[in-house]
Amino acid sequence: MEPSPLHVAFITALHRMKAINLASLFDGLSRGEYFLLEVLKKHKSAHPDLPGIYALHLAQSLRVSPPAVSRMLRALESRALVERDVDRNNRRNTFIRLTVEGERLCETARKRFEAFNCRVFDTLGEKDARTLIALLGRLVDAMEAELNTWNEGENACSKSSNT
């Protein structure tokens, strides 16, 4: 079965979005590394009394696998942007936290990312930006629901292929 023009246009738009190099906004960080630093920063703000966050919780917050987080942490640690400390209460666990340099780089990258987003949304206009955000939310909901039922044998379009 040939994909409909709508499906082709959708996949093409997704590929174009994925090809955008947002990493250039993040001062030498990958997109994943930037978001990892943001999670660490938010965790520190929300829990200033804790020595950091566990790597497993970091993976869950980022919705990536623990090995992916481990790779990012090694890269960030080699650049002195994060530190790891063994949990004294349970030596099998490791706390992760930002270094001063990690906080500085995260803040600089966040400001650049926010400025970029402001300009993009100014180009779209508030009404179109709000519509896009609402539609993307519906799209994600539909995709998650479909993935949940995919293995139940319901893997064909319920609408005609002309839509």
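**Close-up views of salt bridges and their surroundings**

**View 1. Glutamate 103 forms a salt bridge with lysine 44, with 2.7 Å between the closest N and O atoms.** This pair links distant parts of the chain, 59 residues apart: glutamate 103 belongs to helix H5 (residues 100–124) and lysine 44 to helix H2. A salt bridge is defined as a side-chain nitrogen of Lys or Arg within 4 Å of a carboxyl oxygen of Asp or Glu. Helices (H or I, at least four residues) and strands (E, at least two) are DSSP runs, numbered from the N terminus. Glutamate 103 counts as partly exposed at 28% relative accessibility, and lysine 44 is also partly exposed, at 46%. Here buried means under 20% relative accessible area, exposed over 50%, and partly exposed in between (1.4 Å probe, protein chains only). The model is predicted: local features need pLDDT of at least 70, side-chain atom pairs count only at pLDDT 80 or more, and totals for chains, interfaces and linings use all residues. Residues are numbered from 1 along each chain as its sequence is written, and side-chain values use heavy atoms, with hydrogens and water left out.

**View 2. Glutamate 33, in helix H2 (residues 31–46), forms a salt bridge with arginine 79.** The closest N and O atoms of this pair are 3.5 Å apart. Arginine 79 lies in the loop between H4 and strand S2 (82–86), so its pairing with glutamate 33 of helix H2 ties together parts that are 46 residues apart in sequence. Glutamate 33 is buried, with a relative accessible area of 9%, whereas arginine 79 is partly exposed, at 35%.

**View 3. The surroundings of glutamate 33 include a polar contact with serine 30.** The side chain of glutamate 33 reaches the backbone nitrogen of serine 30 at 2.9 Å. A polar contact is a pair of N or O atoms within 3.5 Å; within protein, one must be able to donate a hydrogen and the other to accept it, and residues adjacent in sequence count only if both atoms are side-chain atoms. Leaving aside residues up to four places away in sequence, glutamate 33 touches Gly28, Met72, Ala75, Leu76 and Arg79, where contact means heavy atoms within 4.5 Å.

**View 4. A network of salt bridges links Lys41, Glu107, Arg110, Lys111 and Glu114.** Glutamate 107 and arginine 110 form a salt bridge whose closest N and O atoms are 2.3 Å apart. These two residues are separated by about one helical turn, because they stand 3 residues apart in helix H5. The structure holds 13 salt bridges.
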